[in-house]
Amino acid sequence: FRDATVRLQAQADRREADRRLQRAERLQSLGVLAGGLAHDLNNILTAILGNLWLCRQGEGGQSETALLEIEHHAHAAADLCSRLLAGAGSAPTLPIAVDVEVAIDYVLHRERRLLPPGLEVERTDREQKLAVMADIVQFRQVVQNLVRNAIEAMVGRVGSIGVECARVCLPAAGVGGNAAALPVGDYVRIVVSDQGPGIPPDVLPRLFEPFFTTKFTGRGLGLASVHGIVRRHCGAIDVETGVGVGSRFVVHWPATTWLGVVATADHGPVPRAGKPDLAGSVLVVDDDVAVLQVTARLLRADGWTCHEASDSAQAVALLEGGLQVDGIVLDVMMPGVGGLELRETIRRLRPGLPVLLVTGMMPDDGGGAASSPDDVLLKPFPREALFARVRAWLRRE
């Protein structure tokens, strides 16, 4: 009994030590996160506040330049939030059919400007008509992060970075790692390789861990966001590496049937076609007063009559009271009755009434949040995108 008691106490001590170690690692990760976010956000806020001051001065025609800088830094803040959500596997996805070759070429065209002298990117094994179902912005983010990671691995070296893609059927002989657990089917395999120093064995297990980084200026979000995005799209990512022999990051992404015409264009501003010829009415529902007011003001500037509700109860009261509208712009994340639940109530009260969901982070509802990408608009949204969605869904254009 004495020996058994000693063994049980030793096991309990080891478990307690493991818990303390895990807690220390979590606190360290939170410290890295807090420091990184504070650094990046303070830089963004400094630029925004400085440019706002210049706008108030209104001298020398610098207001327009300052406003453009403010818009640029606001997008930088939005990109930081997107990487955080992707790293946590919580970024909302709006899948469409994506032309893999065109999307990769788009990224490489932008990244080649960052290449130092003596380094080049090579495309190999080109295969036409490769398509995947993916959020096109997040798909580009995966390729971009992997290419930038390869560029950083090659700093101070002369050589090339390889990017290749091909259609494969899994399970296939020799496929291991995370890809071995994928269901049988067709996948697009994307490989980004470098001739850098490779990844040390002690770093490899934590490579995709959020907020873990070996770089002085790193935030630990690049590879973590790649892992989160690929996983959310039901794919897998693996790394083949060795000290002194470089690294190969291999992504397997579920393929889709070639549709002939797939999305390839950048999600840039939508050209305005003028205000609607006929007046329309929109109900905007959002618990954030600032977002509620600016959304309504934007739609009024585009010619719509807007009604505002700051929560689900107020929206239901307006509809039950006989308010007639052509459609509803509805926030998803609200306290109490959320947007998805409110949408079901709206469907019962007004069958067929168009509803445009607006969100910064879509909750996990089993994939039923949107019947198509046009059902959802992601915050922060360009005004042109809001105008285009409202015209398309509320005016049937």
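User: Rings of Phe, Tyr and Trp, the last by its six-membered ring, pair if their centres lie within 6.5 Å. On that basis, how many aromatic pairs does the structure hold?
Analyst: This predicted model holds one aromatic pair. The partners are Phe139 and Trp253, with ring centres 5.0 Å apart.

User: Stacked, tilted or edge-to-face?
Analyst: The ring planes of Phe139 and Trp253 stand at 70°, so the pair is edge-to-face. The cut-off for that class is an angle over 60 degrees.

User: Is Phe139 buried or exposed? And Trp253, buried or exposed?
Analyst: Phe139 has a relative accessible area of 1%, so the residue is buried. Trp253 is also buried, because its relative accessibility is 1%; the cut-off is under 20%.

User: Turning to the core, how many residues are in the largest nonpolar one?
Analyst: The largest nonpolar core comprises 41 residues. Those with the most contacts inside that core are Ile104, Phe139, Leu146, Phe249 and Trp253, so both members of the aromatic pair are in the list.

User: Which helix gives the most to this core?
Analyst: Helix 4, spanning residues 136-153, gives the most, contributing eight residues.

User: What does Leu146 touch?
Analyst: Leaving aside residues up to four places away in sequence, Leu146 touches Val192, Leu223, Val226, Ile237, Phe249 and Val251.

User: What about a second core: how many residues?
Analyst: A second, separate core has 19 residues, among them Leu283, Val285, Ala309 and Leu323.

User: Back to helix 4. At what angle do helix 4 and helix 5 pack?
Analyst: Helix 4 and helix 5 (residues 222-232) pack at about 145°, and their axes are 9 Å apart. Their crossing is left-handed.

User: Which residues make the contact?
Analyst: Helix 4 supplies Gln138, Gln141, Val142, Asn145, Leu146 and Asn149. Helix 5 supplies Gly222, Leu223, Ser225, Val226, Ile229 and Val230.

User: How do the residues of that contact divide by type?
Analyst: Six are nonpolar, six are polar and none is charged.

User: Which residues of helix 5 are buried?
Analyst: The buried residues of helix 5 are Leu223, Ala224, Ser225, Val226, Gly228, Ile229 and Val230.

User: And what happens just after helix 5?
Analyst: Cys234 takes a positive phi there, of about 65°.

User: Another residue of helix 4: is Glu152 buried, partly exposed or exposed?
Analyst: Glu152, which lies in helix 4, has a relative accessibility of 44% and therefore counts as partly exposed. Its C-alpha atom is separated by 9.7 Å from that of Asp194, a residue 42 positions away along the chain.

User: Where does Ala301 lie?
Analyst: Ala301 lies in helix 6, residues 289-301. This residue is partly exposed, because its relative accessible area is 45%. From Ala301 to Phe387 the C-alpha distance is 10.0 Å, across 86 residues of sequence.

User: Finally, the overall picture. How many helices and strands are in the chain?
Analyst: The chain contains nine helices and twelve strands. Of its 397 residues, 42% are buried.

User: What share of the contacts with a separation of 6 or more comes from residues 24 or more positions apart?
Analyst: Such residues account for 72% of those contacts.

Terms used: Residues are numbered from 1 along each chain as its sequence is written. This is a predicted model: local features need pLDDT of at least 70, side-chain atom pairs count only at pLDDT 80 or more; totals for chains, interfaces and linings use all residues. Side-chain values use heavy atoms; hydrogens and water are left out. A nonpolar core is a set of buried Ala, Val, Leu, Ile, Met, Phe, Trp, Tyr and Cys residues joined through side-chain atoms within 4.5 Å. Buried means under 20% relative accessible area, exposed over 50%, partly exposed in between (1.4 Å probe, protein chains only). Helices (H or I, at least four residues) and strands (E, at least two) are DSSP runs, numbered from the N terminus. Contact means heavy atoms within 4.5 Å. Axes are lines fitted to C-alpha atoms, for helices over the stretch in contact, and angles run from 0 to 180 degrees between N-to-C directions. A crossing is left-handed if the near helix is turned anticlockwise from the far one by less than a right angle, and right-handed if clockwise. Ala, Val, Leu, Ile, Met, Phe, Trp, Tyr, Cys and Pro count as nonpolar, Asp, Glu, Lys and Arg as charged, and the others, Gly among them, as polar. Rings of Phe, Tyr and Trp (its six-membered ring) pair if their centres lie within 6.5 Å; planes under 30 degrees apart count as stacked, over 60 as edge-to-face and the rest as tilted.
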